[in-house]
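User: I'd like to learn how to read a few features of this model. Could you take me through them one at a time?

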Amino acid sequence: MTEILVTDVLVIGEGCAGLSAALAATEEGCDVILLGDGRAPATAISTGFLTYAAHEGFTRDQLFHAMAEVTGKGLCDPLLLRRLVDDGPKEMSEAFAAYRIPVDRAERGVRVRRAVGKTGRDLLSGFGSEYQERESVEDMTGLMMEFSSTHGTALYAQLRKAVKASPQIRRLRGSALVLEPDATAVGALVGGKPVTVAARAIVLATGGLQGLYEFTDTPETLTGDGHGMAAEAGAKLVDMEFIQFYPLAVREDGIPPIFLYPDFPKLSTLVNDRGENLLRKHLGEASQYLADLHNWDQLSALIQAEIVEGRYVFVDFRKTKPADWAPDSLTATFLSKFIPDFRERPVQVAPSSHYTIGGLKVDVDGRTSLPKVYAAGETAGGVHGACRHGGTALVEAITFGRIAGRHAAQSLNGDAPRTIASLLPPERKAGALARVAEAMTKLRHANQMALGPIRDRARLEDAGTRLAALREEVRGFGWSDYGEMQQVLRVERGIMLSDCLRQAMLRRTESRGTHARSDFPQTSDDWLKKQVVRVVAGKPVFTDAPLQVREPPHGPLASINQRQVQKKRS
């Protein structure tokens, strides 16, 4: 008989969205199970910078307009964005006070105060064995835990302290694998054993999809566990064609994917393996130095265009002098440790998957299309439109994490559903040897080359063929225990979600924000709409959804409203 755990609110995921949701639910008097698999979230290695309308000289309406039009390219969900802009300052200030998060004023917002002189592992000591034993620094998470605490590590540590101090939060080490359709119950593995967690409401906060790419500056474990579980239960997804890439991440053998902060000197240039200055090549003679280009989406597409043609790309610091570098330059700090001669030779770089803009479709309270199931952070989509405004990732995660946790606690089902039957697939399945690592490598490579910062029909269609073949291969895998079953299920869902991304990218025949099509380089007002997708019988089914406009005619959404009216008249 499967063990049943009962709670008021189940929160799945331990980044700042999940931690904030769990804490907010307890503040409403609820008992919470916080289910996390022990793998470090993106919060732990973030920059800890928070942009929101809480500083002088920048009004909320100005921020709204900047996010809606300038960054989001007209595709932000206006209701979600208005909730974020209006409630963000209050939610953030309350979180800072309640959880004793130290912050310093910064340009356009605040930054969590870093614990200088401590490693990430030092800062997170006492929270669990996952941060005490790590043999290598093969990815960005390992780098931060081993080498340095970040501002984000300090934020994460404070939220973890608050969770640890709460008697109403029961933290479990495990993974949710199956979400029961039309019920607030999940099948999970806790300590390697199958359990059913029966709740009266669920908050999904499992992070983004960046780990479905070959090259990411976030934890490679972000493979869309929450997205896949909810999609299989019938939840709607939105804006899946929009993935944000950071253009300048180190890509050299044996070096973690450090992304280069824009704190390098002006004389830094971008070149390919032919020695060509890429800004001059693609943008004209007036552009020469990296400091001349501030559009990261354009830079990502430019670099990827070289890579898909078989060329390598480098940042060249050889014209810079030691005195040109700021004493606290993060780029210099990291490069000095791993590439000591970085001022003497070019450093190879590539765009890294950085942030998932699309996700589960939610309303202003974080409710998904499934009853009593909420989503927050990178698991939810819609608020950022075609591109995320810099510095808003943590603000969104904490703000909507708190909103979702609070609303879930205030809107509980009458009773937690109970079943004696396991919700998980069988412990054993006959089939081919499960070459999971090999299958995930194939998936990530296909996504990196076709679903990356630059796209076209030929590559997207070729990726469709590759995904279909990989799907058939993985369906034939067998497993001998629950651990293998979990790995196979993760790859299967990774393929399913990748196809959602691929088809959304193929359907949107324009370039907008983070979505760049080399065969459709212009923006089209015909695509001033969102794509909503549901997975039916394992296949993505798309519908187009017009933007909701709920602003006064002369407010920040006036220009969007006018374009839609003009389009209807034409």
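Analyst: Gladly. Contact here means heavy atoms within 4.5 Å. Keep in mind too that this is a predicted model.

User: Which residues are in contact with proline 194, leaving aside its neighbours within four places in sequence?

Analyst: Proline 194 is in contact with Thr2, Glu3, Ala188, Leu189, Leu424 and Tyr482, once those neighbours within four places in sequence are set aside. The residue has its place in strand S9, residues 193–198. Glycine 174 is 20 residues apart from proline 194 along the chain, and their C-alpha atoms are separated by 9.7 Å.

User: Does proline 194 count as buried, partly exposed or exposed, and why?

Analyst: Buried means under 20% relative accessible area and exposed means over 50%, with partly exposed in between. Proline 194 has 23% relative accessibility, so it counts as partly exposed. Glutamine 448, found in helix H12, has 2% relative accessibility and therefore counts as buried. Leaving aside neighbours within four places in sequence, glutamine 448 is in contact with Tyr213, Glu214, Phe215, Gln304 and Pro351.

User: How do I read the orientation of a helix pair, say H12 and H13?

Analyst: Start with the angle between the axes: over 145 degrees counts as roughly antiparallel. The axes of H12 (residues 436–450) and H13 come within 10 Å and cross at roughly 170 degrees, so H12 is roughly antiparallel to H13. On the H12 side, Ala439, Lys442, Leu443, Ala446, Asn447, Met449 and Ala450 take part, and they meet H13 residues including Arg459, Leu460, Ala463 and Arg466. By class, this contact has ten nonpolar, one polar and four charged residues.

User: And what about H13 and H14?

Analyst: The axes of H13 (residues 457–475) and H14 come within 10 Å as well, and they cross at roughly 160 degrees. These two helices are therefore roughly antiparallel to each other, and their crossing is left-handed. Residues of H13 in this contact include Leu460, Ala463, Leu467 and Leu470, while those of H14 include Val488, Val491, Ile495 and Leu506. By class, there are ten nonpolar, two polar and seven charged residues in the contact of H13 with H14.

User: Which members of the largest nonpolar core touch the most other members?

Analyst: A nonpolar core joins buried residues of the nonpolar kinds through side-chain atoms within 4.5 Å. The largest one has 121 residues, and Leu10, Leu50, Leu179 and Leu204 touch the most other members. Helix H14 (residues 482–507) gives the most to this core, with 13 residues. A second, separate core of 33 residues includes Leu278, Leu293, Val315 and Trp325.

User: How many residues of helix H7 are buried, and which are they?

Analyst: Six of the eight residues of H7 (residues 225–232) are buried, so to speak "mostly covered". The buried ones are Gly226, His227, Gly228, Met229, Ala230 and Ala231. Just after H7, glycine 234 takes a positive phi of about 110 degrees.

User: Which residues of helix H2 are buried?

Analyst: In H2 (residues 60–71), the buried residues are Leu63, Phe64, Ala66, Met67, Ala68, Glu69 and Thr71. Just after H2, lysine 73 takes a positive phi of about 55 degrees.

Key. Residues are numbered from 1 along each chain as its sequence is written. This is a predicted model: local features need pLDDT of at least 70, side-chain atom pairs count only at pLDDT 80 or more; totals for chains, interfaces and linings use all residues. Side-chain values use heavy atoms; hydrogens and water are left out. Buried means under 20% relative accessible area, exposed over 50%, partly exposed in between (1.4 Å probe, protein chains only). Helices (H or I, at least four residues) and strands (E, at least two) are DSSP runs, numbered from the N terminus. Axes are lines fitted to C-alpha atoms, for helices over the stretch in contact, and angles run from 0 to 180 degrees between N-to-C directions. Angles under 35 degrees count as roughly parallel, over 145 as roughly antiparallel, 65 to 115 as roughly perpendicular and the rest as oblique. A crossing is left-handed if the near helix is turned anticlockwise from the far one by less than a right angle, and right-handed if clockwise. Ala, Val, Leu, Ile, Met, Phe, Trp, Tyr, Cys and Pro count as nonpolar, Asp, Glu, Lys and Arg as charged, and the others, Gly among them, as polar.
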